[in-house]
Amino acid sequence: MARPGVFHPRVFKKSDQRQLDTMMNERMNGQVAQSAQTEREDLVQIIDVVKNFGEHVALNQVSLTVKKKELFALLGSSGCGKSTLLRILAGFETATSGKVLVDGEDLSRIPPYRRPVNMMFQSYALFPHMSVQDNVAFGLKQEGVPKNEIQERVDDVLELVQMRKFARRKPHQLSGGQQQRVALARSLVKRPKLLLLDEPMSALDKKIRQKTQLELVNIIDKVDVTCIMVTHDQEEAMTMATRLAVMSEGEILQVGTPNQVYEYPNCRFTAEFIGSTNLFEGVVVEDEPDHVFVESPDLDARLYINHGITGPLGMPVAVSIRPERVRVSREKPEQKYNYARGVVKDLAYMGSYTLYHVQLENGKVIVANLSSLVLSSDDAPSYDDEVWASWNESSQVVLTS
């Protein structure tokens with residue numbers, strides 16, 4: 001019998017070794033199968049792509065994967081590189097270095113007209129002298145598709161976008177939303193693996209744009225096509241995309257679902273670019289696994305966050321608090337942390353909600369997004385009233401970059 005506290009080396013038999021080899025082989029096969037499955041799910045792979053225009057770096061080591069049947073948005077301000085990346089996918093620009101794969105195939109060896117990619121342009125680029133039907137059929141005719149098949153496919157796609165009854169009209173006889181549907185039909189009729197959308201809603205007014213966003217998502221879902229969309233409109237990306245990437249100065253800063261990127265930004269730029277936020281600069285004065293304290297020169301009370309972070313004491317950070325997480329009241333809150341006193345300097349009535357601009361003693365302004373029902377109260381704070389702004393410990397995100 002083995003004595004407690006004494007190490008007894010085990011003697012391996014040949015059968016043990018065979019069993020161990022079998023287990024290792026099964027594990028390796030499982031890892032290879034899992035890797036292969038992941039590759040099959042990823043339709044688009046962008047690997048370390050660089051694009052230079054002279055000395056200007058438009059894209060800097062960009063890497064990204066887009067899954068099959070995903071509607072992915074590239075979101076960023078003008079000049080961030082999102083349109084350049086889209087044009088490289090379409091074949092209108094050539095990457096300085098790096099690889100772009102679609103369904104495992106390197107696009108660098110394929111001319112634009114041979115790629116399994118179609119692009120819907122911002123201006124729609126419809127032929128003004130052609131009917132709706134002829135515009136949609138144009139690409140198929142260029143490829144030499146039989147007439148019977150062309151007619152069938154054109155009819156099907158016009159039915160899909162609800163434009164079949166306008167098949168004989170010319171583009172100038174259509175509204176902006178209808179022209180967009182025709183452009184979409186022309187892109188889908190060739191049955192591409194990848195559909196590229198360049199600012200698809202920019203030519204539409206706000207009311208039509210909001211309606212068309214959901215219509216476009218439903219159409220893309222029905223045809224099971226993978227889609228990459230470029231936009232600078234945050235609301236558009238949040239409404240339409242299953243995932244999005246925030247870009248700035250040729251780099252991807254964050255990738256995630258709209259909810260993940262909005263609720264958990266990973267840097268100051270993303271926090272401020274996606275929606276609006278209140279940022280408080282400060283330093284970490286206490287960091288434990290279940291909480292962190294941050295002291296900000298803008299606030300008399302400490303900021304208390306109910307989770308720890310990784311970093312030394314004294315590390316400079318920024319704390320992000322979304323306006324809809326901020327409460328405004330006349331009474332001082334009972335909590336010891338996460339509050340500030342100020343004066344209401346501005347009210348912006350937006351219909352369903354009202355934006356309160358509360359100015360602190362040091363001049364900093366906290367923005368609070370409150371339901372407009374608050375204004376119906378007799379005790380609702382108004383201009384120049386002294387108020388208290390407060391928020392929960394779980395409503396904050398600590399940003400280290």
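Reader: How many bridges join strand E11 to strand E14?
Author: In this predicted model, strand E11 covers residues 278-288 and strand E14 covers residues 316-321. Asn278 has Ile321 as its bridge partner in E14. The two strands run antiparallel, and the number of bridges that join them is 6.

Reader: Which strands stand at the edges of the open sheet of 5 strands?
Author: The order in this sheet is E13-E12-E11-E14-E20, and its pairing is antiparallel. An edge strand has a single partner strand, so one side of it is left without a neighbour in the sheet. From one strand to the next the twist averages 40 degrees. The strands at the edges are E13 (303-305) and E20 (396-399).

Reader: Are the rings of Phe269 and Phe273 stacked or edge-to-face?
Author: A pair of aromatic rings is described by the distance of the centres and the angle of the planes. Phe269 and Phe273 both lie in helix H9 (residues 268-273), 4 residues apart, which is about one turn of the helix. Their ring centres are 5.4 Å apart and their planes stand at 10 degrees, and because planes under 30 degrees apart count as stacked, the pair is stacked.

Reader: Which of the two, Phe269 or Phe273, is buried, and which is partly exposed?
Author: The cut-off for a buried residue is under 20% relative accessible area. Phe269 has a relative accessible area of 30% and is therefore partly exposed. At 14% relative accessibility, the one that counts as buried is Phe273.

Reader: Which residues do ring pairs link into a cluster?
Author: The count of aromatic pairs comes to 8. Ring pairs link three residues into a cluster, namely Phe293, Tyr304 and Tyr337.

Reader: Which residue lies over the face of Phe280?
Author: Elsewhere, the charged end of Lys51 sits over the ring of Phe53, at 5.0 Å from its centre. Over the face of Phe280, at 5.3 Å from the ring centre, lies Lys364.

Reader: How many disulfides does the count come to?
Author: Cys80 counts as buried at 2% relative accessibility, and Cys227 is buried with a relative accessible area of 0%. A disulfide needs a pair of cysteine sulfur atoms within 2.5 Å. By this rule the count of disulfides is 0.

Reader: Which helices do the buried residues of H3 pack against?
Author: Helix H3 (residues 132-142) has buried residues that include Val132, Val136 and Leu140. H3 is followed by Gly144, whose phi is positive, near 75 degrees. The buried residues of H3 pack against helix H4 (147-160) and helix H5 (176-188).

Terms used: Residues numbered from 1 in each chain as written. Predicted model: local features only at pLDDT ≥ 70, side-chain atom pairs only at ≥ 80, totals over all residues. Heavy atoms only, no water. Pairing = 2+ DSSP bridges. Axes fitted to C-alpha atoms, helices over the stretch in contact; angles between N-to-C directions. Phe/Tyr/Trp six-rings, centres within 6.5 Å; stacked < 30°, edge-to-face > 60°. Buried < 20%, exposed > 50% of the residue type's maximum accessible area, 1.4 Å probe, protein only. Lys NZ or Arg CZ within 6 Å of the ring centre and 35° of its normal. Contact = heavy atoms within 4.5 Å.
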